[in-house]
Amino acid sequence: MLMTRGIEALRALATGRLVVTSDGIPYLFEKLPRRKVWNAIRTELSVYVKPLRPWGWPTHLMIEPSTLCNLRCALCPISVGFERPQGLMIPALFRRIMDEAGAYAFTLLLWDWGEPFVNPHIYEMIAYAKTKHVKVISSTNGHFFARPEQAEALVRSGLDTIIFAVDGVTQSTYERYRWGGDLEQALDGVRQVLAARRRLGSVTPVVNFRFIVMDHNEDEIPAVRVLARDLGVDVLTFKTLNHCLRDPYNGTTAASSAGEKFSPTQTRYRRFRTDAGGHRLRRRQNPCKHLWNGPSIHWNGHVSPCTFDPQDKHVLGSLDGQSFREVWRGAGYRQIRREFKQNWDAMELCGECSYAYEGGSLSCETMAEVVFFPSFTMTPDCAGDAVS
């Protein structure tokens, strides 16, 4: 793997071109500044060696625009018990984060917990992030885009990919997991975004129709393939459900037991690989890279190790009073990197995380299937010399 990435890096240095994959979808970068490529090389070496102070800056960012949500999903921490303060990220904080950390990043995942498009400044945030030549990907339950003006605002923002999380083809199936949701309103949101894209002559955002496969909806897999095709989306992704032994979101077994009840029967759509007795296969080496290449930044500026810390139990610093550089190389990050390097499986956060088991790597394995339709276009991001 390291050899493969080394070859890719050398090719990127020579050509200025690189393809980065997120959730099974490839993103093309062209005219990459050499400093961005060199940083990626240093960051990948950091992932491999695991120094306490990384040799590079994050190549992937997750930023949380909002913890507020119009729905209540069955296993979401917001539904089962959210302990930290909720709110909306302000544009000034977002711009400061992107000014400090955006120049080296390839992708920005603009969500964490909550519905991102509750934040009225979300389109302004997307547009600003695009000035840093990153691929911006966001996720939604789709209800806001049933209004044409919202759909047009999304297209005009320059967002690269929008994930519509729709886990059923009938209302009765859909609402089993997405409590309070209206399937037809969500589907109309998909239609409105595609229509706005056509009106404005844009190829973005790529529309990714997301289907989390669960026990109650796996019989609808053939029907959702037809639905996605008829809607005219670009990509259909079947994602596996996360149901770890001890729920990493809330530190209890209650949600984990509930998650097991939602788990599908078909092996290919179950997240974790198991032995002959049905027991999860634990990894010898945890492949997680987040401590060296991908922080999660909450709406109020709290920096967390990853998305599996929704309750802010492992805050590593706050951008309210510190720069990103100070947090990224600070004492909190150094301590958790030391613990991960020495004995990750004994850590509260990492020991029962999805990554701890075979099949649970969020970088690639959790997508059970990715279906590309003829409308899919891998558009280049031409960085030029803007950040050189």
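**Reading rings, sheet and core**

K135 lies over the face of F29, at 5.7 Å from the ring centre.

Q: Before we go on, what kind of model is this?
A: This is a predicted model, in which local features need pLDDT of at least 70 and side-chain atom pairs count only at pLDDT 80 or more, while totals for chains, interfaces and linings use all residues. Residues are numbered from 1 along each chain as its sequence is written, and side-chain values use heavy atoms, with hydrogens and water left out.

Q: How is a pair of aromatic rings described?
A: By the distance of the centres and the angle of the planes. Rings of Phe, Tyr and Trp (its six-membered ring) pair if their centres lie within 6.5 Å; planes under 30 degrees apart count as stacked, over 60 as edge-to-face and the rest as tilted. Searching the whole structure gives 12 aromatic pairs. In one of them, F29 and F106 have ring centres 5.2 Å apart and planes at 80°, so the pair is edge-to-face. This pair links distant parts of the chain, 77 residues apart: F29 is in strand β2 (residues 25-30), and F106 is in the loop between α4 (91-101) and β5 (107-109). Helices (H or I, at least four residues) and strands (E, at least two) are DSSP runs, numbered from the N terminus.

Q: Are F29 and F106 buried or exposed?
A: Both are buried, meaning under 20% relative accessible area, with exposed over 50% and partly exposed in between (1.4 Å probe, protein chains only).

Q: Which residues touch the most other members of the largest nonpolar core?
A: Nonpolar side chains tend to be buried together in soluble globular proteins. A nonpolar core is a set of buried Ala, Val, Leu, Ile, Met, Phe, Trp, Tyr and Cys residues joined through side-chain atoms within 4.5 Å. L108 and F209 touch the most other members among the 80 residues of the largest one. Helix α8 (residues 183-200) gives this core its largest share, seven residues.

Methods
Lys NZ or Arg CZ within 6 Å of the ring centre and 35° of its normal.
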